[in-house]
Amino acid sequence: METLAFFVLSVLAVAAALVVLTHRNEVICALGLAFNLVALAGFYFLLGAQFIGLLQLIVYAGAIMVLILFVVMLLNLGEERYPRRRQWIHPWLAPVATLVFAGVLGGVLWQVELEPLPASDPAFGTVEQVGLDLFGRYFYPFEVISLLLIVAMVGAVVMAKRRL
């Protein structure tokens, strides 16, 4: 059952990533990113890290996605005009990439024997362990990322104010 859930989540994550990479509408790309983040939370649940999975859903798939959509709407991006390009490339790109990916994945799975994962540490993914890691070992990277998000948000507001 876990193997089936893993493959379903993998297909969802890859499909959502392809939507983010190939679609031109920013809102649809943001929704594809949200689906990808939800699939990542599913991977955490499969690994037995329920707290990290819930954090992934609440913080990233919830709050950060609302922030991204807010910035996209604040910038008020209109329809962009792209230079004319060959029409025969784009319709065949996604199916060919999917077939190549499925072929490579099938070849890898054909050669590999699936074994159960070894038992993890009982403290893995608990609130205490996440707190110790976040405010101990990863304190400075956490603060740098928070500053980077604030700078990006202020930059988006400044860019939007310039247009008005």
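**Helix packing and a pocket**

Helix α1 (residues 2-22) and helix α2 (residues 26-46) pack at an angle of about 160°, their axes lying 8 Å apart. This is a predicted model, where local features need pLDDT of at least 70, side-chain atom pairs count only at pLDDT 80 or more, and totals for chains, interfaces and linings use all residues. Residues are numbered from 1 along each chain as its sequence is written, and side-chain values use heavy atoms, leaving out hydrogens and water.

Q: Why is α1 called roughly antiparallel to α2?
A: Angles run from 0 to 180 degrees between N-to-C directions, and those over 145 count as roughly antiparallel. The angle here is about 160°, so α1 is roughly antiparallel to α2.

Q: Which residues of α1 and α2 meet?
A: Contact means heavy atoms within 4.5 Å. Among those that meet are Phe6, Leu9 and Ala13 in α1 and Leu33, Phe35 and Phe43 in α2. By class, the contact of α1 with α2 has 16 nonpolar, four polar and one charged residues.

Q: What makes α2 and α3 roughly antiparallel?
A: They pack at an angle of about 175°, with axes 8 Å apart. α2 and α3 are therefore roughly antiparallel to each other. The residues of this contact divide into 20 nonpolar, three polar and one charged.

Q: What is the volume of the largest pocket, and which residues are closest to its centre?
A: The volume is about 760 Å³. Of the 20 lining residues, Leu55, Tyr60, Val130, Leu134 and Phe142 are the closest to the centre.

Q: Which element gives the largest share of the lining of the largest pocket?
A: That is α3, with six residues. By class, the lining has 14 nonpolar, four polar and two charged residues.

Conventions. Helix = DSSP H or I, 4+ residues; strand = E, 2+ residues; numbered from the N terminus. Parallel < 35°, antiparallel > 145°, perpendicular 65-115°, else oblique. Nonpolar A, V, L, I, M, F, W, Y, C, P; charged D, E, K, R; others polar. 1 Å grid on protein atoms, 1.4 Å probe; cavity = no way out; pocket = protein on both sides within 12 Å on 5 of 7 lines; lining within 4 Å. Points joined across faces, edges and corners; volume = space filled by probe spheres on them.
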